Amino acid sequence: MKLLALFLFLLLISTGQAGAQQVDLSTLLPQGDPTVAGRIIQYVALITVLSIAPGLLIMVTSFTRIVIAFSFLRSGLGLQSTPANLVMVSLALFLTFFIMAPVFQKAKTEGLDPYMASQISEKEAYGRITAPFRAFMLKNVREKDLAMFEQLAKDRNIAVQDEGEVDLRILVPAFMISELRRGFEIGFLIALPFLVIDLIVAMLTMSMGMMMLPPTVISLPFKVLFFVLIDGWSLLAGSLVASFIVP
């Protein structure tokens, strides 16, 4: 018991001495020197950007139009899970990388590489990196959508010019609206031939008195055969790539 009491007494003394020692935050963040605090803010901003990188990929690239077209294709064929979502998204991603390769390369050589070599500042690097994406979106955005968002920004007293260029807060939503519209237009053209096949099969089954047999069961192999005979995957992928204007 005496040894236990002595041990507890020494432990309390050592804890009190450790608690008396306070961490001097001025050694970590020197007063009057905002460099460390600025770096912390930059790291937090970088982590935030990396966490939303998939969303940025969707917003400023060709991914939206491509994945919508593939979704309409699968719905038109009547296949709910074939091809799998992983296959569809992966194909859309690789087509996006193929289309956006000149944009990515220009952003890397003109903005990212000089910044990594400490030749330009963060602000200048941001302008150089975003410039190729801005040019790509301006080439593919509809003038009607861009004008609508510019008018909405003016009504809310939001600046619509960013150093002589259209502000990204205006350009990105206008570009996304344009991509959604074009994606649905392509989807309509994709779904229309399959709808015709469904109607023909439905009329034939009705005329033959096959009331209990769903027409989709018979039309499915014909739609798949039709899509294979016209080399649909190659035709669709080529048309999607050709539909974008890359500066």
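**Figure 1. L73 and the residues it touches.** Leaving aside neighbours within four places in sequence, L73 is in contact with I190, F194, F227, W233 and L236. Contact here means heavy atoms within 4.5 Å. You're looking at a predicted model, where local features need pLDDT of at least 70, side-chain atom pairs count only at pLDDT 80 or more, and totals for chains, interfaces and linings use all residues. Residues are numbered from 1 along each chain as its sequence is written, and side-chain values use heavy atoms, with hydrogens and water left out.

**Figure 2. The largest nonpolar core.** Which residues touch the most other members of this 35-residue core? They are I66, F70, L73, F136, M137, L146 and L171. A nonpolar core is a set of buried Ala, Val, Leu, Ile, Met, Phe, Trp, Tyr and Cys residues joined through side-chain atoms within 4.5 Å. Buried means under 20% relative accessible area, exposed means over 50%, and partly exposed is in between (1.4 Å probe, protein chains only). At least two core residues come from each of α4 (63-77), α5 (85-116), α6 (122-140), α7 (143-155), α8 (168-207) and α10 (232-242). With eight residues, α8 gives the most to this core. In soluble globular proteins, nonpolar side chains tend to be buried together.

**Figure 3. The whole chain, for orientation.** The chain has 10 helices and two strands. Helices (H or I, at least four residues) and strands (E, at least two) are DSSP runs, numbered from the N terminus. Starting at the N terminus, the elements run α-α-α-α-α-α-α-β-β-α-α-α. Of the 247 residues in the chain, 27% are buried. Take the contacts with a separation of 6 or more: residues 24 or more positions apart account for 72% of them.

**Figure 4. Helix α4 against helix α8.** Two packed helices are described by the angle between their axes and the distance between the axes. For α4 and α8, the angle is about 25 degrees and the axes are 8 Å apart. That makes α4 roughly parallel to α8. Axes are lines fitted to C-alpha atoms, for helices over the stretch in contact, and angles run from 0 to 180 degrees between N-to-C directions. Angles under 35 degrees count as roughly parallel, over 145 as roughly antiparallel, 65 to 115 as roughly perpendicular and the rest as oblique. The α4 and α8 crossing is right-handed. A crossing gets that label if the near helix is turned clockwise from the far one by less than a right angle, and is left-handed if anticlockwise. On the α4 side, look for T64, R65, I68, A69, F72, L73, G76 and L77, which meet E179, L180, R182, G183, F184, I186, G187, I190 and F194 in α8. Sorted by class, this contact of α4 with α8 has 10 nonpolar, four polar and three charged residues. Ala, Val, Leu, Ile, Met, Phe, Trp, Tyr, Cys and Pro count as nonpolar, Asp, Glu, Lys and Arg as charged, and the others, Gly among them, as polar.

**Figure 5. Helix α4 against helix α5.** Here the axes of α4 and α5 come within 9 Å and cross at roughly 145 degrees. The crossing of α4 past α5 is right-handed. From α4, the residues F63, I66, V67, F70, S71 and R74 meet N85, M88, V89, L91, A92, L93, L95, T96 and I99 in α5. This contact of α4 with α5 divides into 11 nonpolar, three polar and one charged residue.

**Figure 6. Helix α6 against helix α8.** The axes of α6 and α8 come within 10 Å, crossing at roughly 40 degrees. That makes α6 oblique to α8. The crossing of α6 past α8 is left-handed. Among the α6 residues that meet α8 are Y126, T130 and R134, while the α8 residues include L168, L171 and V172.

**Figure 7. I129 in helix α6.** I129 sits in α6 and is partly exposed, with a relative accessible area of 28%. I129 and V103 are 26 residues apart in sequence and 9.3 Å apart in space, C-alpha to C-alpha.

**Figure 8. D231 in its loop.** D231 lies in the loop between α9 (215-229) and α10. Is D231 buried or partly exposed? At 46% relative accessibility, D231 counts as partly exposed. Most residues other than glycine have a negative phi. D231 isn't a glycine, yet its phi is positive, at about 55 degrees.
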